[in-house]
Amino acid sequence: MLNLIFLGDVVGAPGCEFVRSHLPALKKLYGAQAVIANGENSAPGNGILPQSMQSLFDSGVDLITTGNHVWRRREIYDALDRRPDILRPANYPDCRYGRGVGEIDLGRVRIAVLNLIGLTFMDPLDNPFAVADRLLERIDTPLIFVDFHAEATSEKAALAYHLDGRVSAVIGTHTHVQTADEQILPGGTAFLSDAGMCGPIRSVLGVSPALAIERFRYQLPVRFDTAPGPCKMEGVVLSLDEKTGHALSIERFCVK
């Protein structure tokens with residue numbers, strides 16, 4: 001059995017600092033052998049920078065996934081090209097930078113990680129269902145984790161059922177709101193619509209409430225800054241069968 005922790009979107013410096021402070025104890029609590037985190041909002045404002053990337057790795061994260069904010073900071077482009085442990089969504093068409101599939105090598109087993117982005121209410125990209133089908137043909141380990149960065153819960157659930165029995169887990173990110181629909185599908189794939197957020201509790205998805213109100217109330221362009229104050233760390237822990245890749249259990253957590 002293999003225990004894997006996945007952290008929902010890490011938001012800004014407060015989120016990175018909270019993960020650094022609390023992830024080691026969480027790994028020990030669950031006996032986790034590997035940690036994956038979505039880091040696409042880990043830089044101040046949004047996006048990901050080399051500094052926030054390194055902060056997550058120093059905290060005990062083994063591999064970082066991203067989403068639609070991955071291109072916001074050009075400083076990260078070199079790392080996307082150079083490092084196999086930070087991914088961008090695989091369904092960006094003919095992308096010049098980075099890769100959408102990575103691997104965590106634990107010696108006795110390997111965990112493949114597939115990063116995809118949804119289409120509903122998002123940018124028009126390659127079809128994530130077709131891209132997943134194509135990429136799964138090249139993966140030669142039964143342990144396969146999918147971070148599906150998408151807006152619509154219906155699209156997330158549909159992809160999970162489409163991949164049921166072929167991957168270990170499909171866990172959603174992007175909305176920063178942890179859902180309560182964790183389950184193991186009939187074919188053995190664990191599913192959760194959204195893992196949640198690692199960042200400020202008193203915020204609008206991590207952003208200072210006053211800035212979000214100004215944006216929605218007056219439709220003015222606003223630079224979103226990370227809110228101050230107490231933080232939380234949300235995500236999911238999975239227990240996986242090392243031989244079959246099937247999920248044995250899925251549990252949400254929220255550390256405050």
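View 1. The model is predicted, so local features need pLDDT of at least 70 and side-chain atom pairs count only at pLDDT 80 or more, while totals for chains, interfaces and linings use all residues. Residues are numbered from 1 along each chain as its sequence is written, and side-chain values use heavy atoms, with hydrogens and water left out.

**View 2. The largest nonpolar core.** A nonpolar core is a set of buried Ala, Val, Leu, Ile, Met, Phe, Trp, Tyr and Cys residues joined through side-chain atoms within 4.5 Å. Buried denotes under 20% relative accessible area, exposed over 50%, and partly exposed the range in between (1.4 Å probe, protein chains only). The largest such core has 34 residues, of which Ile5, Leu7, Val19, Met53, Ile64, Ile76 and Met233 touch the most other members. At least two residues of this core come from each of strand E1 (2-7), helix H1 (12-30), strand E3 (34-38), helix H2 (50-59), helix H3 (77-82) and strand E12 (231-240). H1 supplies the largest share, six residues. Helices (H or I, at least four residues) and strands (E, at least two) are DSSP runs, numbered from the N terminus. Another core, of 23 residues, lies apart from the largest one; Phe6, Leu87, Val109 and Ile111 are among its members.

**View 3. The buried side of helix H5.** In helix H5 (residues 153-163), the buried residues are Glu155, Lys156, Leu159, Ala160 and Leu163. These residues lie on the same side of H5 because they cover an arc of only 135° around the axis, the arc being that of the directions from the helix axis to the C-beta atoms. Their packing partners are strand E6 (110-117), helix H4 (128-136), strand E7 (144-149), strand E8 (169-173) and strand E10 (190-192). Gly165, with a positive phi near 90°, follows H5.

**View 4. Glu155, a buried charged residue.** Glu155 belongs to helix H5. Although buried, Glu155 has no salt bridge, and the nearest side chain of opposite charge, Lys156, is 8.6 Å away. Here Lys and Arg count as positive and Asp and Glu as negative, whereas His and the chain ends are not counted. Residues up to four places away in sequence aside, Glu155 touches Gly118, Leu119, Thr120, Pro128, Phe129, Phe148 and Ala150.

View 5. A salt bridge places a side-chain nitrogen of Lys or Arg within 4 Å of a carboxyl oxygen of Asp or Glu; the structure holds ten. Arg110 pairs with Glu103, their closest N and O atoms being 2.7 Å apart. A salt bridge also joins Arg110 to Asp140 (3.2 Å, N to O). This second pair links distant parts of the chain, 30 residues apart: Asp140 is in the loop between H4 and E7, and Arg110 is in strand E6. Asp140 is exposed, at 59% relative accessibility, whereas Arg110 is partly exposed, at 24%.

**View 6. The salt bridge between Glu182 and Arg252.** The closest N and O atoms of Glu182 and Arg252 are 2.8 Å apart in this salt bridge. Glu182 lies in the loop between E8 and strand E9 (183-184) and Arg252 in strand E13 (residues 247-255), so the pair ties together parts that are 70 residues apart in sequence. Glu182 is partly exposed, with a relative accessible area of 27%, and Arg252 is partly exposed at 30%.

Terms used:
Contact means heavy atoms within 4.5 Å.
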